[in-house]
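This report goes through selected features of one protein model. It takes side-chain pairs, the sheet with its helices, and backbone geometry in turn.

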Amino acid sequence: LSYPSIVGEMLASSFGIVGFSWICSPACTELEVVVMDWLAKFLKLPEHFLHSTEGPGGGVIQGSASEAVLVAVLAAREQTVVKYRELHPELSESEIRGKLIAYSSDQSNSCVEKAGVLAAMPIKLLPAGEDLILRGEALKKAIEEDVQEGRIPVICIATLGTTATCAYDDIESLATVCENHNVWLHVDAAYAGAAFALDECADLRRGLDRVDSLNFNLHKFLLVNFDCSAMWLKDANKVVDSFNVDRIYLKHKYEGHSQIPDFRHWQIPLGRRFRALKVWITFRTVGAEGARAHLRKHISLAKQFESLVNNDKRFEMVSPRALGLVCFRPRGDNEITAQLLQRL
């Protein structure tokens, strides 16, 4: 949270924009296109995620990671149903939908499991390794078993920065498996995604050129207040085709223009808030280097706290420090940890 973000929020609220299409607020749509490309460059994401490059990719601001994950799950589901009906016309749509299956790590955020519930599609939570990382071997085994039993794999939701320990799933090995089995790969980088902007964290970007979609929350680590979750799609047409419901009162003469997206097709609700304004004001005020300095400050504080824990015999680390997250506990019974948590 920062004062520029608060100013942006106040202005957006006072304008009262309901920016579901370009025609109802050109500034709302066009500024979002601009800031999503700014963010993609700031994070050094692959160019195919930018609106400004040729191709069907682009970015959109969702309310939360939960929404972004649900959008990816629903779009992947609908794309799979369409493809499978073409390959197997003998099967009814209900038969196909009854066979769909998705995957994630048992370390993933609860919103992943909830997305499966909302999408009426089971999400199998695969066991991560001892280091709490999900790798391609576990996914490959699960997919092969499910295919053998007649199920249809749809999507894998990987995590960069798990909620419990900020562990990073192995995107490259997961991407290989997903490519081999025509499975959508989404990356939930809600917390850790901000660190893509730091050269010292460049390893976190490995494999992102092979994912179908990803999200990260500006309201977690980048001075922008809730709600503001950035989502990028390699092929936005897959989401638009899945979510497109046109009525006569929604039509306008600029529909279909490559640089003028109607973001209502990229999200769950119809209306949308002018979130791009608080992102624009924050970055215009703080600057890219100011944002990077903010990230490095939090990481530095975490390193300092990690050192204090390691030098105090009453405590122990649960997992290695990751970015600004330090997982520690008092030595002894869990009851001691519970007491400390309650006191804090």
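Within helix H6 (residues 136–148), a salt bridge links the side chains of Glu144 and Lys140, with 2.8 Å from N to O. The structure is a predicted model.

**Salt bridges**

Glu144 and Lys140 are four residues apart in H6, about one turn of the helix. An α-helix has 3.6 residues a turn, so residues three or four places apart point the same way. Glu144 is partly exposed, because its relative accessibility of 38% falls between the limits of 20% and 50%. Lys140 is likewise classed as partly exposed, at 40% relative accessibility.

Asp146 and Arg151 form another salt bridge through their side chains. What is the relative accessible area of Asp146? The value is 1%, and Asp146 is therefore buried, since buried means under 20%. Arg314 is exposed, with a relative accessible area of 57%.

| Salt bridge | Distance, N to O |
|---|---|
| Glu144 – Lys140 | 2.8 Å |
| Asp146 – Arg151 | 2.8 Å |

Elsewhere, salt bridges with shared partners connect Glu9, Asp227, Arg273, Arg275 and Lys278 into one network. The count for the model comes to 22 salt bridges.

**The sheet**

In what order do the strands of the open sheet follow one another? The order is S1-S7-S6-S5-S4-S2-S3, seven strands with mixed pairing. Strand S1 (58–62) and strand S3 (123–126) stand at the edges; each has a single partner strand, so one side of each lacks a neighbour in the sheet. From one strand to the next, the twist averages 20 degrees.

Strand S4 (residues 152–159) pairs with S5 in the parallel sense, over five bridges. In this pairing Ile157 stands opposite His186 in S5, and Ile155 has Trp184 in S5 as its bridge partner. S4 also runs parallel to S2, to which four bridges join it. Here the bridge partner of Tyr103 is Cys156 in S4. Is S4 largely enclosed or largely open? Eight of the eight residues of S4 are buried, so the strand is largely enclosed by the rest of the structure.

**Helices and a surface patch**

Helix H5 (residues 110–118) lies across strand S2 (100–105), S3 and S4. The angle between H5 and S3 is about 155 degrees.

Helix H7 (171–180) has Ile171, Ser173, Leu174, Ala175, Val177 and Cys178 as its buried residues. The cover over these buried residues of H7 includes H6, S4 and S5.

A nonpolar patch lies on the surface, formed by Tyr3, Val7, Leu11 and Phe15. Together these residues have about 420 Å² of accessible area. Phe15 belongs to helix H1 (residues 3–15).

**Backbone geometry in the loops**

Asn182 follows H7 and has a positive phi, with a value of about 55 degrees, although Asn182 is not a glycine. Asn182 is in the loop that leads from H7 to strand S5 (184–188). With a relative accessible area of 54%, Asn182 is exposed, because exposed means over 50%.

Leu223 also has a positive phi, near 70 degrees, and is a residue other than glycine. Leu223 is placed in the loop between H8 and S7. Is Leu223 buried or exposed? Leu223 is buried, with a relative accessible area of 14%.

The loop between helix H8 (218–221) and strand S7 (229–233) also holds Asp227. The peptide bond from Phe226 to Asp227 is cis, and its omega is near 10 degrees. Asp227 is also one of the members of the salt-bridge network that includes Glu9 and Arg273.

Notes: Residues numbered from 1 in each chain as written. Predicted model: local features only at pLDDT ≥ 70, side-chain atom pairs only at ≥ 80, totals over all residues. Heavy atoms only, no water. Salt bridge = Lys/Arg side-chain N within 4 Å of Asp/Glu carboxyl O. Helix = DSSP H or I, 4+ residues; strand = E, 2+ residues; numbered from the N terminus. Buried < 20%, exposed > 50% of the residue type's maximum accessible area, 1.4 Å probe, protein only. Patch = residues over 30% accessible without salt bridge, like charges linked within 9 Å, V, L, I, M, F, W, Y side chains within 5 Å. Areas by Shrake-Rupley, 256 points an atom, 1.4 Å probe, with all protein chains shown as cover. Pairing = 2+ DSSP bridges. Axes fitted to C-alpha atoms, helices over the stretch in contact; angles between N-to-C directions. Contact = heavy atoms within 4.5 Å.
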